[in-house]
Amino acid sequence: MFDIYSGPVFDMARQQFKQASDILNIPFDQRDRLLYPKRAIAVTCPIHKDDGSTVVYEGYRVQHHLSLGPSKGGVRFAKNVDLGEVAALSLWMSWKCALMNLPYGGAKGGIRVDPYTLSARELEALSRRFMQELIPFVGPHVDVMAPDIGTNEQVMAWFMDTYSNDAGRTVTEIVTGKPVSCGGTVGRREATGRGVTHLIYRAAEVINLDLSKSSAVVQGFGNVGSVVAGELYAMGVKILAVSDHTAAYHDSKGLNIPDIINYVSKHGVLKGYSTQSLTDPKTILTIKCDVLVPAAVERVINEVIANKIDCKILAEAANGPTTIEADAVFAQRPDIFIIPDVLCNSGGVTVSYFEWVQDLQQLFWEESEVIDRMKKIMDKGFYNTINSAKELKVTNRMAAICAGLKRIYMSRKARGLFP
Ligand code: NAD
């Protein structure tokens with residue numbers, strides 16, 4: 001059924017869904033409805049390139065469900081985006097929002113483009129065209145977009161401006177992750193990384209690990225990875241290695257993270273930072289450390305790597321970094337405490353929720369309030385997950401997915417067939 005989504009990423013989400021549905025004993029005739037997205041929209045986005053030529057990019061928006069409120073989720077600009085990947089990411093967003101008790105269904109969007117090859121003008125044209133094509137299908141109470149891989153605050157500002165021009169008034173609540181200067185919230189840009197770091201702190205408490213004497217490795221040095229590395233560094237954690245799609249650096253004495261963040265803010269990527277600590281990006285995930293943070297893309301930890309990983313906490317900042325086969329390996333490795341993606345990176349959507357609430361009310365909060373409220377919600381999700389993992393005798397991942405899926409199932413059961 002629904003072959004349009006088939007592919008390695010959606011197949012992975014489908015298998016996770018089956019495992020969780022079996023644990024929850026969800027009737028078979030209810031399953032397809034909970035698995036497949038409510039809507040998937042494909043758009044063509046033509047733009048004029050700087051050389052005068054016209055190029056057409058394909059874009060997608062998948063709204064997984066709207067049973068608990070509007071759908072919510074990021075938009076990624078990446079060269080290998082496809083419909084199945086976007087659909088899987090929308091399903092994970094649904095579980096994440098429900099686990100954190102946010103009034104949203106999941107959504108995700110993407111354009112198949114390498115954003116690093118576009119000029120600033122081309123990026124603006126593409127961002128505006130994507131939103132323009134989606135105006136009939138989104139809205140502050142229908143579907144609210146946010147940044148993800150390859151997009152940022154500036155792209156969100158262009159999305160908001162395009163929607164607002166069409167509406168004839170400023171509609172800040174149409175997207176989250178905007179600059180603070182045009183309706184964004186303080187603390188959103190850092191939220192995902194901060195949330196990841198907070199849960200690493202909680203996991204360290206559970207396994208009695210003194211973070212100030214520990215080490216970490218971070219894969220991916222974009223919005224999420226750079227903030228996690230910076231926050232851990234500030235807590236006294238020795239950051240042994242970092243990588244992005246252009247370079248990887250490893251120093252057993254610890255890297256100077258503020259220096260690297262400064263370099264990346266000027267150059268965009270890690271490449272060129274140093275020649276001394278360069279290392280093979282393929283080896284980054286298997287470096288011995290206390291805390292391992294994949295913060296890049298899906299399916300980077302396969303069965304072989306899972307067997308070689310030598311860490312105490314695996315904090316899945318990226319969405320879907322661990323394959324089903326690798327997960328089976330981890331199920332036999334109680335030496336690793338896993339903070340699963342749907343929980344680990346939920347600080348982003350939690351603070352996006354705060355941004356949406358503030359925009360709707362036009363009443364803005366102090367950063368300390370944003371951070372305190374985020375930590376409270378994340379703590380609830382964390383303890384709910386680890387306690388129900390013990391009760392149900394399942395992994396942290398299955399406990400988190402089951403908690404989210406159950407909430408969606410119960411609401412749909414109560415409402416009937418349409419939502
Ligand atoms: P980003 O575009 O800012 O950064 C992505 C980083 O990953 C870049 O440094 C890029 O070079 C690197 N990368 C890409 N492919 C790689 C590879 N094969 N090996 C090593 N590094 C690679 O994106 P982001 O917003 O930081 O998102 C990172 C992950 O976090 C994604 O999985 C995303 O879905 C997830 N996430 C992001 C947010 C958010 O608020 N931005 C929220 C929740 C989850």
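Start with the sheet: 5 strands make an open sheet in the order β1-β2-β4-β3-β5, with mixed pairing. Strands here are DSSP runs of E with at least two residues, helices are runs of H or I with at least four, and both are numbered from the N terminus. Two strands pair if DSSP finds at least two bridges between them. Now pick out β1 (39-48) and β5 (143-147): these are the edge strands, each with a single partner, so one side of each has no neighbour in the sheet. Look along the sheet and you'll see the twist, which averages 25 degrees from one strand to the next.

Before going on, a word on what you have open. This is a predicted model, where local features need pLDDT of at least 70 and side-chain atom pairs count only at pLDDT 80 or more, while totals for chains, interfaces and linings use all residues. Residues are numbered from 1 along each chain as its sequence is written, and side-chain values use heavy atoms, with hydrogens and water left out.

Next, select β1 and β2 together. They pair in the antiparallel sense over 10 bridges, and T44 sits opposite E58 in β2.

Strand β2 (residues 54-63) and strand β4 (residues 105-112) run antiparallel and are joined by 5 bridges. To land on one of the pairs, click V62, whose bridge partner in β4 is K108.

Show α4 (residues 120-134), which lies across β1, β2, β3 (71-78), β4 and β5 and runs at about 140 degrees to β1. Then bring in α5 (residues 153-167), lying across β3 and β5 at about 150 degrees to β5. Axes are lines fitted to C-alpha atoms, for helices over the stretch in contact, and angles run from 0 to 180 degrees between N-to-C directions.

α4 and α5 pack at an angle of about 45 degrees, with their axes 9 Å apart. The pair is therefore oblique (under 35 degrees counts as roughly parallel, over 145 as roughly antiparallel, 65 to 115 as roughly perpendicular, and the rest as oblique). For the contact (heavy atoms within 4.5 Å), show side chains including L123, F130 and M131 of α4 and W158, F159 and Y163 of α5. By class, this contact has 8 nonpolar, 4 polar and 4 charged residues. Nonpolar covers Ala, Val, Leu, Ile, Met, Phe, Trp, Tyr, Cys and Pro; charged means Asp, Glu, Lys and Arg; the others, Gly among them, are polar.

Next stop: α6 (residues 191-207) and α7 (residues 223-234), which pack at an angle of about 45 degrees with axes 7 Å apart. That makes α6 oblique to α7. Among the residues making the contact are G193, V196 and I200 of α6, and V227, V228 and L232 of α7. Its make-up is 6 nonpolar, 3 polar and 2 charged residues.

Finally, zoom out and colour by domain. The chain is divided into domain 1 (8-170) and domain 2 (189-344), with bounds from an automatic or database domain assignment. Their C-alpha centres lie 26 Å apart, and 19 residues of domain 1 are in contact with 15 residues of domain 2.
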